[in-house]
Amino acid sequence: MNEWLCSVRRGGFRVGWLGVLLFFSWTSMLYAEDTVTGKLIVRLGTPPVEQATIAIEKRFAAIVREIGQSGLSFDRQLGDNLVVAQFVKPITADEMATAVARLEAHPQITYSEPDIRVRLSYVPIDPRYLTRQWNLYDTYGIRADVAWDSERGDASIVVALLDTGILPHEDLDPARILPGYDFVGDPAYANDSDGWDADPTDPGDAVVANECGSGEPASDSSWHGLHLAGLVGATVDNIGIAPINHVAPLLPVRVLGKCGGSFSDVIAAMRWAAGLSVGGVPINPNPARIINLSFGGIGICTPAVQDAIDQVVAAGAVVVVAAGNNDGIDVSGTLPAGCNNVITVAATDRGGALAAYSNRGSKVLVSAPGGGGFWGIHSIYNSGAAAPGVDTYADLIGTSVATAEVSGVVSLMLAAQPALTM
């Protein structure tokens, strides 16, 4: 397993072996809630000649009596033949529908409709939201802007990111980063001089030419896990980007070092993230409800990998995995994307089409924006070519970022409906 499923583009130029590619304003809008106010908006037709001099309040009262609608009275006039009517007592939705039907059946009523409650729609003020984060609100984005009016997250829903680790960033709230773990077991690839430990900090995964195999080029550090952390859980309404989930804690679990990672480490990390026991490692006190796997390898799902997935799902976790960026091969020939009991995620471009690089097949459950061409997926990043540098932002494309978006959406779904299962 040596494949990150994104590419990084900085300033429009492709960098690194990992392949990848790397007006601010506050607006408010009105939207309708599911509940009504107990009032109706009613337009009366032009009165017959014999009623032309009768006040609209009396005309409306006469109509209410004719249709036998009890408990409905004139409230105020909005304009010519346009009135608001008020129910004197609370009513059910069915009773409201019956009243509307009775009124509209009367020959002197043009229309009748419930008066709907409206309120301001939430829009983040992060300066990069409207200018760079098309994947959150665009026509073929995930439409997080709509979801946020119903749910913005829950502090009890932990999202585990099994990836390259984590770094501090100006757009990450340290209070939302839970104590994670480093499961990169081979010191030769860990780049931090040791094996498993309780420090999930990303030291970088830069390599020199041929270090990952004969003919493999050199590459800069990917800062892959940091980028995904920003997509799911950056700090909202501050200086940078808007995340999908504004509340949920993030659990960084390092499984990828130089040249990728091994599935023995990943299996241990999945178990630990879900709160299951792993030999020699303290139990995770913050079990994850969502486990994000934005990596993969070529091959049929193995019994060991499937067993690990089944165990963490049985423990209550949802496993979200990347379909892979192998130019459209069937995910049944990749892992963990081809395993059962997971949400396998393909990537779409800004036009809503399946991205050419994205794998596909019957095991793909859902697609999400992964970008392509000029349009990448914007998130937090680090400037360091090898070791960590300074905070920055970058665009990535790939099924990796699409997967993190789905993990973010699942975290909102579970916040709204905690009993949901795979």
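1. Let's start with the aromatic cluster: Tyr122, Tyr129, Tyr137 and Trp148 belong to one such group. Rings of Phe, Tyr and Trp (its six-membered ring) are paired here if their centres lie within 6.5 Å, with planes under 30 degrees apart called stacked, over 60 edge-to-face and the rest tilted. One member, tyrosine 122, also has arginine 152 over its face, at 3.9 Å from the ring centre. Over a ring means that NZ of Lys or CZ of Arg is within 6 Å of the ring centre and within 35 degrees of the ring normal.

2. A word on ground rules before you go further. This is a predicted model, in which local features need pLDDT of at least 70 and side-chain atom pairs count only at pLDDT 80 or more, while totals for chains, interfaces and linings use all residues. Residues are numbered from 1 along each chain as its sequence is written, and side-chain values use heavy atoms, with hydrogens and water left out.

3. There is another arginine over a ring to look at. Arginine 128 lies over the face of tyrosine 393, and its distance from the ring centre is 3.9 Å.

4. How many aromatic pairs does the structure hold? There are 8 aromatic pairs. One of them joins phenylalanine 183 and tryptophan 196 edge-to-face, at 5.0 Å centre to centre and 70° between the planes. Phenylalanine 183 sits in the loop between β9 (181-182) and α6 (187-190), and tryptophan 196 in the loop between α6 and α7 (224-233), so this pair ties together parts 13 residues apart in sequence. Helices (H or I, at least four residues) and strands (E, at least two) are DSSP runs, numbered from the N terminus.

5. Phenylalanine 183 has a further partner. With tryptophan 272 it forms a tilted pair, 6.0 Å centre to centre and 55° between the planes. Here the link is to a distant part of the chain, since tryptophan 272 is in helix α8 (residues 263-273), 89 residues apart from phenylalanine 183. As for accessibility, phenylalanine 183 is buried at 0% and tryptophan 272 is buried at 4%, whereas tryptophan 196 is partly exposed at 36%. Buried means under 20% relative accessible area, exposed over 50%, and partly exposed in between (1.4 Å probe, protein chains only).

6. On to the disulfides, of which the structure holds 2; the term covers a pair of cysteine sulfur atoms within 2.5 Å. Cysteine 212 is joined to cysteine 259, S to S 2.0 Å. The torsion about this S-S bond is about -85°, so the disulfide is left-handed. Cysteine 212 is in the loop between α6 and α7 and cysteine 259 in the loop between β10 (250-254) and α8, so the bond ties together parts 47 residues apart in sequence. Cysteine 212 is partly exposed, at 22%, while cysteine 259 is buried, at 13%.

7. The other disulfide joins cysteine 301 to cysteine 339, S to S 2.0 Å. Which hand does the link of cysteine 301 and cysteine 339 have, right or left? With 100° about the S-S bond, it is right-handed. Cysteine 301 is buried at 18%, and cysteine 339 is buried at 4%. Counting bonded cysteines along the chain, the disulfides follow the pattern 1-2, 3-4.

8. Please also have a look at α7, where 10 of its 10 residues are buried. α7 packs with helix α10 (residues 399-416) at an angle of about 35°, their axes 9 Å apart. (Axes are lines fitted to C-alpha atoms, for helices over the stretch in contact, and angles run from 0 to 180 degrees between N-to-C directions.) His224, His227, Leu228, Leu231 and Val232 of α7 make the contact with Ser400, Val401, Ala404 and Gly408 of α10, contact meaning heavy atoms within 4.5 Å.

9. Last, isoleucine 377, which is in strand β17 (residues 377-382) and is buried, with a relative accessible area of 0%. Leaving out residues up to four places away in sequence, isoleucine 377 touches residues including His227, Leu231 and Val401. His227 and Leu231 of α7 and Val401 of α10 are also among the residues of the helix contact.
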